[in-house]
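Q: Hi! I'm new to this one and would like a friendly walk through it. Could you show it to me?

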Amino acid sequence: MDQGLSHNSLLFTPIPAWQQKDKLGEMVSFDWVKDENRLLQEEEIFFRSFIEAYKDLSNTELDISDNDRNRFFGSFFDDLRQRFETKKMQLLSAKKENKTIGFVGFEVCEKVPFVYIRYLVVDPSCWKLGIGKQLVLSGIKAYPGVQKLLVVTRKINHISTKFYLKLGFKQSQHGHGGVDPEKYVGFEFDITQKT
Ligand SMILES: CC(C)(COP(=O)(O)OP(=O)(O)OC[C@H]1O[C@@H](n2cnc3c(N)ncnc32)[C@H](O)[C@@H]1OP(=O)(O)O)[C@@H](O)C(=O)NCCC(=O)NCCS
């Protein structure tokens, strides 16, 4: 896998695939997504998890002006695909019995030794088993020297805001560039304070 993807001193250093049991005692395999042309399972999980996460939110709350949720989620997945195919972002997936059950995208910041978390999803049937946590915190090992993990999420996505706070992320101003601070909230995990 290409290791020369970073824009600053951070270098993506893929940790070898590994296995770990979830809270049910079932084996989960973690590995980097390598096939740029096939993100079929990832697309399926992406739709499933966001449909579940946003099921109690109206189209107005989500700013879906044409009432077409498939188009709405599809446009985010197109962005994910583009970031992955142009190698801006690395994708780490979690699998059970060779079937994808979650993934996270990592993207190195251009000027500072920080890594953005993008598009974290876990299949709703596997929520609260520790898989999201494992995916996110793997970013620390995969980018030696990283000082902060950053993420931006919708304020109304209460599942994700609770999740990041539970992991020890603190609210942050990073990442507000380009998004409406009324609707989005940034979080950061300061690795220098954790070790
Ligand atoms: C956010 C998401 C990835 C969490 O994945 P997960 O595998 O269920 O998370 P984990 O099991 O690793 O949870 C880690 C911690 O967060 C807590 N947590 C997870 N979901 C929670 C919720 N809905 N409410 C409160 N706490 C929650 C867990 O209890 C756990 O705490 P613990 O370590 O003390 O046991 C998953 O809910 C999801 O896919 N959501 C939809 C997509 C999304 O919103 N992505 C984030 C966009 S930035």
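A: Happy to. One term to start with: two residues are in contact if their C-beta atoms, placed from the backbone, lie within 7 Å. Also keep in mind that this is a predicted model.

Q: Thanks! What do the buried residues of α2 pack against?
A: They pack against α1 (40-53), β3 (89-96), β4 (99-108) and β5 (114-122).

Q: And which residues are buried in α2?
A: Phe73, Leu80 and Phe84 are buried there. They sit on the same side of α2, because they cover an arc of only 40° around the axis.

Q: Which residues of α2 are exposed, then?
A: On the other side of the helix you'll find Arg71, Ser75, Asp78, Gln82 and Glu85, which are exposed.

Q: What span should α2 have, and how far apart are its ends?
A: Helix α2 covers residues 69-85, so its 17 residues at 1.5 Å a residue should span 24 Å. The end C-alpha atoms are 24 Å apart, which agrees.

Q: What follows α2?
A: Lys87 does, and its phi is positive, near 65°.

Q: Switching to the sheet: in what order do the strands come?
A: Eight strands form an open sheet with the order β1-β2-β3-β4-β5-β6-β8-β7, and the pairing is mixed.

Q: Which strands stand at the edges?
A: Those are β1 (18-21) and β7 (170-172). Each has a single partner strand, so one side of each is left without a neighbour in the sheet. From one strand to the next, the twist averages 30°.

Q: How does α1 sit on the sheet?
A: α1 packs on it, touching β3, β4 and β5, and its direction makes about 90° with that of β4.

Q: Do β5 and β6 run parallel or antiparallel?
A: Parallel, with three bridges joining β5 to β6 (residues 148-154). For example, Val115 has Leu149 in β6 as its bridge partner.

Q: How about β6 and β8?
A: Those two run antiparallel, joined by seven bridges, with β8 covering residues 184-190. Phe187 in β8 has Val151 opposite. Gln171 also stands opposite Phe187, and β7 pairs with β8 over three bridges in the antiparallel sense.

Q: Last topic, the ligand. How many residues surround it?
A: There are 21, and the closest are Ala53, Trp127, Gly132, Lys133 and Lys166.

Q: Where does the largest share of that shell come from?
A: From α4, which gives five residues. At least two residues each are supplied by α1, β5, α3 (131-142), β6 and α4 (158-166).

Methods:
Residues numbered from 1 in each chain as written. Predicted model: local features only at pLDDT ≥ 70, side-chain atom pairs only at ≥ 80, totals over all residues. Helix = DSSP H or I, 4+ residues; strand = E, 2+ residues; numbered from the N terminus. Expected span 1.5 Å × (residues − 1). Buried ≥ 20, exposed ≤ 12 C-beta atoms within 10 Å, placed from the backbone. Arc of directions from axis to C-beta. Pairing = 2+ DSSP bridges. Axes fitted to C-alpha atoms, helices over the stretch in contact; angles between N-to-C directions. Near = placed C-beta within 6 Å.
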